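Let's take a walk through this structure together, one contact at a time. Have the sequence and the 3D view ready as you read.

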Amino acid sequence: MDVKEYDNIVAYTDGSRIGPPNGTGGGIHGYGFNHGVVDTSLAYQIPGVEEVLTAQGYKKAPKDAKRPVVPDAVEFFDCIIPVPGEFWSDVAELTAFISLFENSPYTAKNYTVYIDSSYVVNAWNEWMTGWEKRGWTKADGSPIGNIEFIKKLAGIKKLLKSEGR
């Protein structure tokens, strides 16, 4: 698989579970661009979309404001990721986030990622270091859930840090 490199990727990841009947999955929507393509001081109109595109993500904007159309060099991507039905939404959230880095045909020097899962955000920002130091256990000594996904998450974080991303 050819991997396209960008200077910046803005991505939104999400996971969900609806049941019964079981239906679990994750998704990614985002866009990539290189330096000089998107002016960081501007917001761009996307035809047919209410929000405007910025270098940091989508933003709400007044409908009547005149804005430049998003440059053709900004590339959009979408991905739907099926997750086996026996898993819950926390695994779908992890799968979507991990897939952005593990299975994507895109990579970037800088990422801005939006995710609505406090579980994934807290694991990434606060819990993983302690879990790993304790042999992948909680503070009370009990094993953490979703260990194989959390170990992948930790590996991604270490790799991104080592590459200066």
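Start where two helices touch: Y119, A123, W124, N125, M128, W131 and E132 in α2 meet I150, L153, A154, I156, K157, K158 and L160 in α3, a contact being heavy atoms within 4.5 Å. Sorted by type, the residues of this contact are ten nonpolar, one polar and three charged. This is a predicted model, in which local features need pLDDT of at least 70, side-chain atom pairs count only at pLDDT 80 or more, and totals for chains, interfaces and linings use all residues. Residues are numbered from 1 along each chain as its sequence is written, and side-chain values use heavy atoms, leaving out hydrogens and water.

How do the two helices cross? Helix α2 (residues 118–133) packs against helix α3 (residues 147–162) at an angle of about 90 degrees, and their axes are 10 Å apart. That makes α2 roughly perpendicular to α3 (65 to 115 degrees).

Now stay with α3. Its buried residues are F149, I150, L153, A154, I156 and L160, where buried means under 20% relative accessible area with a 1.4 Å probe, protein chains only. Seen down the axis of α3, these buried residues fall within an arc of 160 degrees, so they line one face of the helix. They pack against α1 (89–102), β7 (106–115) and α2. Just after α3, G164 takes a positive phi of about 70 degrees.

Finally, look at T54, found in strand β4 (residues 52–54). T54 counts as buried because its relative accessibility is 8%. Leaving aside residues up to four places away in sequence, T54 touches Y31, V38, L42, A43 and K59.

Notes:
Axes are lines fitted to C-alpha atoms, for helices over the stretch in contact, and angles run from 0 to 180 degrees between N-to-C directions. Helices (H or I, at least four residues) and strands (E, at least two) are DSSP runs, numbered from the N terminus. Angles under 35 degrees count as roughly parallel, over 145 as roughly antiparallel, 65 to 115 as roughly perpendicular and the rest as oblique. Ala, Val, Leu, Ile, Met, Phe, Trp, Tyr, Cys and Pro count as nonpolar, Asp, Glu, Lys and Arg as charged, and the others, Gly among them, as polar. Buried means under 20% relative accessible area, exposed over 50%, partly exposed in between (1.4 Å probe, protein chains only). The arc is that of the directions from the helix axis to the C-beta atoms.
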